[in-house]
Amino acid sequence: MGQNLSLRDARHIWHPLTQHKTHGMAHGIARAQGVYLYDTQGKAYLDAISSWYTAVYGHCNPQITRRVAAQMEELDQVVFSGFTHEPAVSLSEKLLGHLPGNQEKVFFSENGSTAVEVALKIALQYHFNLGAPRKILLAFESGFHGDTFGALSVSGLSVYNGPFEGMALEVRRIPVPDDPDAAQSLATLEAILAEAPVAGFVYEPLVQGAAAMKTHDAAGLDKILARLRETGALLIADEVMTGFGKTGTNFASAQLETQPDLICLSKALTAGLLPMGITSCSAQVYNAFLSDSVEKGFFHGHTYTANPLACTAALAALELLETAEMQSNISRIAGAHRDFETRVQSHHKVLATRRIGVIFAMDLDVETDRYGSLRDILYGFFMERGIYLRPLGNTVYILPPYITTDDELARIYQAMEEVLEFIS
Ligand SMILES: *Cc1c(COP(=O)(O)O)cnc(C)c1O
């Protein structure tokens, strides 16, 4: 039956981020519950990356699914220009209570890329509305912000934007800060600022997800943010990955001094149940769009903006995040990662380790071409042991759901230690 599903899939489906000529067939997944995915053969896989950082409260969590099911009977979808509804309003109230104090308004879309796209357009139009247009956007090297055209332009990962280089927005890049002085980042920044003012700076605060969980220095980032704020550039925190507890605080920006003007959210926002993105902003940003002339408004809107079911999922998810139980789960996992790091750090096959909150990454000391496709071998190694994670190059990283038990964490760690012996 599973094989049959994969064959039917291969006939008509084009998968994301996949070179179909060299890639094997897609693996059929039949259901998911808690921290486990079950394939069509009934084999269970521990979801060690929370299905791309979304299902952090566990899959098919009844505290979320029941609420959404009830909402579904009440109001399914309605146009959000001119209309409003309780789930959207309640969500805005609750979410803003957790975001940095300067955040006042939320704008809805459907995913992380569109949340970034909206933030970039708001940043560019903000300066236009103030009568001093700015064209240049700033981003970190090796950042990832999504794959719609604007989000792709500010992303630095070449596998995504290679074919489109030079066709999109005007973007300058600075290196991530390695230390509190951020000397190299600031020097590059000053050279950029000497040429033209920057409209907005988009950054993944503290950890760059798609760059194999590359962490950077918080004090160094603060220096960059403070310098940019002096220039009137809008600060855009892309918390699509880091949001909702991943870094140990509800939002990574809480660990920084300088607060963003705009924040992009998605992924765990709806706990993996339904797609939604949110771009929040300060009153200062919002006020620049208020005018007697219509065209100074923000003319951007998607058909499914603020879908009531997605808003309900997000509301139920936030209520779970707020519980003492979930907060203590987050620190429990962070503590377990710390102990595990001490254990593997000095292994001769470990080049480096990184951790922040529930995120743990280890770089393996293997020549990437020694095994042909190292990534596929590592992936297969873990899947065979019933653990789902997605290695990136020579990096193995995990971001387990907050409800992962100590025993389940131990199983993941054990497989990660076994892989070190396997490649030795
Ligand atoms: C995943 C991700 C995005 C893109 O989100 P999608 O929902 O996949 O469009 C943007 N920014 C960051 C930091 C992400 O991790």
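What follows is a chat about how to read a few residues and helix pairs here.

Q: Before we start, what kind of model is this?
A: It's a predicted model.

Q: Which residue does UniProt list for "modified residue: N6-(pyridoxal phosphate)lysine"?
A: That's K267, and the listing comes from an unreviewed UniProt entry. An annotation like this may be inferred rather than shown by experiment.

Q: Where is K267 found?
A: Look in the loop between β11 (262–265) and β12 (277–282).

Q: Is K267 buried, exposed or partly exposed?
A: The idea is to check the relative accessible area: under 20% is buried, over 50% is exposed, and in between is partly exposed. K267 has 25%, so it counts as partly exposed.

Q: What is K267 in contact with, leaving aside its neighbours within four places in sequence?
A: Its partners are W52, Y53, T54, V240, M241 and G272.

Q: Let's follow one of those partners. Where does W52 lie, and what does W52 touch?
A: W52 lies in helix α2. Not counting residues up to four places away in sequence, W52 touches L17, K267 and R390. With a relative accessibility of 37%, W52 is partly exposed.

Q: Now to a strand. Where is F201 found, and is F201 buried or exposed?
A: F201 is found in strand β7 (residues 198–203). Its relative accessible area is 0%, so F201 is buried.

Q: What does F201 touch?
A: Not counting residues up to four places away in sequence, F201 touches several residues, including L138, F140, I174, L221 and I236.

Q: Let's move to helix pairs. How do the axes of α3 and α11 cross?
A: The idea is to look at the angle between N-to-C directions, where over 145 degrees counts as roughly antiparallel. The axes of α3 (residues 62–74) and α11 (residues 308–322) come within 9 Å and cross at roughly 150 degrees. The two helices are therefore roughly antiparallel, and their crossing is right-handed.

Q: Which residues of α3 meet α11?
A: From α3, Q63, I64, R67, V68, Q71 and M72 do, and they meet residues of α11 including P308, L315 and L320. The contact of α3 with α11 divides into 10 nonpolar, 3 polar and 2 charged residues.

Q: How do the axes of α4 and α11 cross?
A: Here an angle under 35 degrees counts as roughly parallel. The axes of α4 (residues 86–96) and α11 come within 8 Å and cross at roughly 30 degrees, so these helices are roughly parallel. The crossing of α4 and α11 is left-handed. On the α4 side the contact is made by P87, A88, S90, L91, K94 and L95, and among the α11 residues are C311, L318 and E322. That contact holds 9 nonpolar, 2 polar and 3 charged residues.

Q: And how do α11 and α12 cross?
A: Their axes come within 4 Å and cross at roughly 70 degrees, which means α11 is roughly perpendicular to α12. L320, L321 and E322 in α11 meet A324, M326, Q327 and I330 in α12.

Q: One last stop: where does H337 lie, and what does H337 touch?
A: H337 lies in α12 (residues 324–344) and, at 0% relative accessibility, is buried. Not counting residues up to four places away in sequence, H337 touches residues including R355, F360, P400 and Y413.

How values were computed: Residues numbered from 1 in each chain as written. Predicted model: local features only at pLDDT ≥ 70, side-chain atom pairs only at ≥ 80, totals over all residues. Heavy atoms only, no water. Buried < 20%, exposed > 50% of the residue type's maximum accessible area, 1.4 Å probe, protein only. Contact = heavy atoms within 4.5 Å. Axes fitted to C-alpha atoms, helices over the stretch in contact; angles between N-to-C directions. Parallel < 35°, antiparallel > 145°, perpendicular 65-115°, else oblique. Left-handed = near helix turned anticlockwise from the far one by under 90°. Nonpolar A, V, L, I, M, F, W, Y, C, P; charged D, E, K, R; others polar.
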